[in-house]
Amino acid sequence: MAKIIGGKQLQPYLQGMADRLSKAKTVDVGFLEGATYPDGTSVPTVAALNEFGTSKAPPRPFFRTMIAAKQGEWGPASGHLLKANNYDAAKTLDQAGAAVAGQLRQSILTFDGAPLAPATVKAKGFATPLIDTGHMSNSVDHRVNSGDE
């Protein structure tokens, strides 16, 4: 914790804090633009089809489930990180984004919702929804944005 004595030190301290806070504005977490399977299929598209379902497959809401379960943790954790990082917004958002990305990966790996169709289980050789090659869960990423984009 910084100790401030005298009014002359307050303004530069507050300005330095404001400068550190303005380094970053937002963090994106999920399946970022450009993520593809080896055959060129869009990972965000496959994730959305799994999340919301199709005419042939039921929704498997791994993303919404994770948000509902974890969102209450993000504000307090980010506040603690911000203070621990001396109000460096870019560093804080990077750490928070990495943590949320980890929660999303875990949600994919442990999803226990609509079961696979018997034909799908036979084709895959196992009954775990959302996991085939692991490419989707390995594609979860995060990116800090400065607001200049």
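The protein chain contains six helices and two strands, taken as DSSP runs (H or I of at least four residues for helices, E of at least two for strands) and numbered from the N terminus. The model is predicted: local features require pLDDT of at least 70 and side-chain atom pairs pLDDT 80 or more, whereas totals for chains, interfaces and linings use all residues. Residues are numbered from 1 along each chain as its sequence is written, and side-chain values use heavy atoms, with hydrogens and water left out.

From the N terminus, the order of elements is α-β-α-α-α-α-α-β. Of the 149 residues, 28% are buried (under 20% relative accessible area, 1.4 Å probe, protein chains only).

Pockets were located on a 1 Å grid over the protein atoms alone, as open sets of points where a 1.4 Å probe fits, with protein on both sides within 12 Å along at least five of seven lines; lining residues have an atom within 4 Å of a point. Volume is the space filled by probe spheres set on the points, which are joined across faces, edges and corners.

The largest pocket holds about 310 Å³. Its lining comprises 15 residues, with N50, K124, L130, I131 and D132 nearest the centre. Helices α2 (43-52), α5 (118-124) and α6 (135-138) each contribute at least two lining residues.

The second largest pocket has a volume of about 240 Å³. Among its 15 lining residues, V29, W74, A96, G97 and V100 lie closest to the centre. The largest share of this lining, eight residues, is supplied by α3, while β1 (26-30) and α4 (89-110) each provide at least two.

Technical notes
Buried < 20%, exposed > 50% of the residue type's maximum accessible area, 1.4 Å probe, protein only.
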